[in-house]
Protein chains: 4
Amino acid sequence: MIIEKKGISLELAERMIDAAEKKAKDMGVPVVIAVVDEGGSLKALRRMDGAPLLSVDIAINKAWTAVAFGIPTHEWYEMIKNDPPLLHGIVHTPRLIIFGGGYPIHYNGQLIGGIGVSGGTSQQDMECAKAGLEVVKKLEGSN
Amino acid sequence: MIIEKKGISLELAERMIDAAEKKAKDMGVPVVIAVVDEGGSLKALRRMDGAPLLSVDIAINKAWTAVAFGIPTHEWYEMIKNDPPLLHGIVHTPRLIIFGGGYPIHYNGQLIGGIGVSGGTSQQDMECAKAGLEVVKKLEGSN
Amino acid sequence: MIIEKKGISLELAERMIDAAEKKAKDMGVPVVIAVVDEGGSLKALRRMDGAPLLSVDIAINKAWTAVAFGIPTHEWYEMIKNDPPLLHGIVHTPRLIIFGGGYPIHYNGQLIGGIGVSGGTSQQDMECAKAGLEVVKKLEGSN
Amino acid sequence: MIIEKKGISLELAERMIDAAEKKAKDMGVPVVIAVVDEGGSLKALRRMDGAPLLSVDIAINKAWTAVAFGIPTHEWYEMIKNDPPLLHGIVHTPRLIIFGGGYPIHYNGQLIGGIGVSGGTSQQDMECAKAGLEVVKKLEGSN
């Protein structure tokens, strides 16, 4: 009756943010990067100089949305666009973000957290977040 | 960089609530019993017939407080009563409950969730919650 | 590691509001005018006699939105109208206003605050806010 | 009518958090460390492994309180304890923290942000936050 789980350490969260920040610098886009644990609580956050104030909560909520439903935030719109009650209804869920930039963090198939990036276009935010996810993939590969 | 954790299953949460509810029935006190996981999210809840509406949120917040800080809620007052800034300050923290009825759920030393009971006196609520915790102790012993 | 910034003084905020109010009087439209600093905190506000109560929060949030993302509020719809996930999603961001009447305040290229006007049509609100921005332009020119 | 200001960079915020985290490790106390800019918006945050969930919002709010009034959070109680209307009233202000662990960040006399630490005793939290402030003092001295 006890579930074995895996969780994200601060060290891993920081390495993911390092990678996302590097990608953002390469693109010249200041962003906010947030990582939450598997329970949705904030683990680490960085707001790059020049990133919009608006992006702080959006980045946190992208990370939260990703871990709270287990799919990337950009998949939400595809999932609800032909279902009018959802399209007009579920979008009002507090903290739910339905555009790109949030990804669940999986380690060997287990959901261990979420990463959210905000400040650029959805595409740029997604690029940065994916750079963060690469850190986890390398970690899996190294086992 | 990956943390090994243990979590509470729904089956265990329900058995804990069974035990707490039985204790409440024995005492003739209708209560609300809530169990949250180690991230603070609600796992299961029962409001017995006749339990006060007020108790729903209080039970949830007792369980949340217990897992969010790792100590039983009744220990808060002892901890802050001689520290005036805390006594007048930390009590305003949203969701924080400083009276009895909430307990962290530990399994072999690991924090796996929280249980909160509300509806009776603090003493009665604590009795019910402790009946729930007994289920986990037996589980540990059986390993 | 220290960033040099410029901020808006109360005197400047008041002069901007004077100009916006004069424009509103010329048009015969009572409005609410709000100015926030570069951190998004309210610096000054005036609600003209007869302006709708509804406009108080809208004016504040227009000013806040403008400084929180650095673009005029009326540009939001153009930016998101062909991007359905944003159109259905980002509009739910708390405090975000996507219609006209909010402008970032720039001084020599630096973002120093935001001005928001509400009470008339979007077009009228924009006219009033732009009258406020003229004060800053003259100030730049006089240096 | 334009105010010259100084702001905190992400690099400085991170170095402050590095120092606070090192102090927390030396003391063996897992904490949450948050830094906000002079407008009160979150700049960076780290939650050390094992730090209580409850501490995330408290750390952020300590940093916010510090910059929002310009004094360390532990000075609040001394200031209000003999003024019953404040003691029973102002403590209800949303986000206001009146116990130790939050400090304004000054650079050459200018308020540029706030740092907040939560997870240990007030005294431990204060030690960690002060370790962060040392980074700024050295920066001043090096000019």
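Buried means under 20% relative accessible area, exposed means over 50%, and partly exposed is what falls in between, with a 1.4 Å probe and protein chains only. The model on screen is predicted: local features need pLDDT of at least 70, side-chain atom pairs count only at pLDDT 80 or more, and totals for chains, interfaces and linings use all residues. Residues are numbered from 1 along each chain as its sequence is written, chains are lettered from A and ligands numbered from 1 in the order in which they are written, and side-chain values use heavy atoms, with hydrogens and water left out.

**Stop 1: chain D, Asp18 and Arg46**

Select D:Arg46, which is buried at a relative accessible area of 5%. A salt bridge (a side-chain nitrogen of Lys or Arg within 4 Å of a carboxyl oxygen of Asp or Glu) joins the side chains of D:Asp18 and D:Arg46, at 2.8 Å from N to O. This pair links distant parts of the chain: D:Asp18 sits in helix H1 (residues 10-27) of chain D and D:Arg46 in strand S3 (residues 42-47), 28 residues apart. Helices (H or I, at least four residues) and strands (E, at least two) are DSSP runs, numbered from the N terminus.

Now widen the selection to Glu14, Asp18, Glu21, Lys25 and Arg46 in both chain A and chain D; these residues are linked in a network of salt bridges. Over all chains, the whole structure has 58 salt bridges.

**Stop 2**

Go to helix H5 (residues 122-141) of chain A, where A:Lys130 and A:Glu127 lie three residues apart, about one turn of the helix. Their closest N and O atoms are 3.6 Å apart, forming a salt bridge. A:Lys130 is partly exposed at 34% relative accessible area, and A:Glu127 is partly exposed at 29%.

Switch to chain C and select C:Glu127 and C:Lys130, which form a salt bridge with closest N and O atoms 3.6 Å apart. Both belong to helix H5 (residues 122-141) of chain C. Here C:Glu127 is partly exposed at 28%, and C:Lys130 is partly exposed at 35%.

**Stop 3: aromatic rings**

Rings of Phe, Tyr and Trp (its six-membered ring) pair if their centres lie within 6.5 Å; planes under 30 degrees apart count as stacked, over 60 as edge-to-face and the rest as tilted. There are four aromatic pairs over all chains. One of them is A:Phe69 with A:Trp76, a tilted pair at 4.9 Å centre to centre and 45° between the planes. A:Trp76 is buried, at 4% relative accessibility.

In chain D, select D:Phe69 and D:Trp76, whose ring centres are 4.8 Å apart with planes at 45°, so this pair is tilted. D:Phe69 is exposed at 51% relative accessibility, whereas D:Trp76 is buried at 4%.

**Stop 4: the second largest pocket**

Centre the view on A:Gly50, A:Ala51, A:Pro52, A:Leu53 and C:Ala68, which lie nearest the centre of the second largest pocket among its 45 lining residues. A pocket is found on a 1 Å grid over the protein atoms alone, as an open set of points where a 1.4 Å probe fits, with protein on both sides within 12 Å along at least five of seven lines; lining residues have an atom within 4 Å of a point. The volume is about 860 Å³, being the space filled by probe spheres set on the points, which are joined across faces, edges and corners.

Finish on S1(C), which gives the most to this pocket's lining, with four residues.
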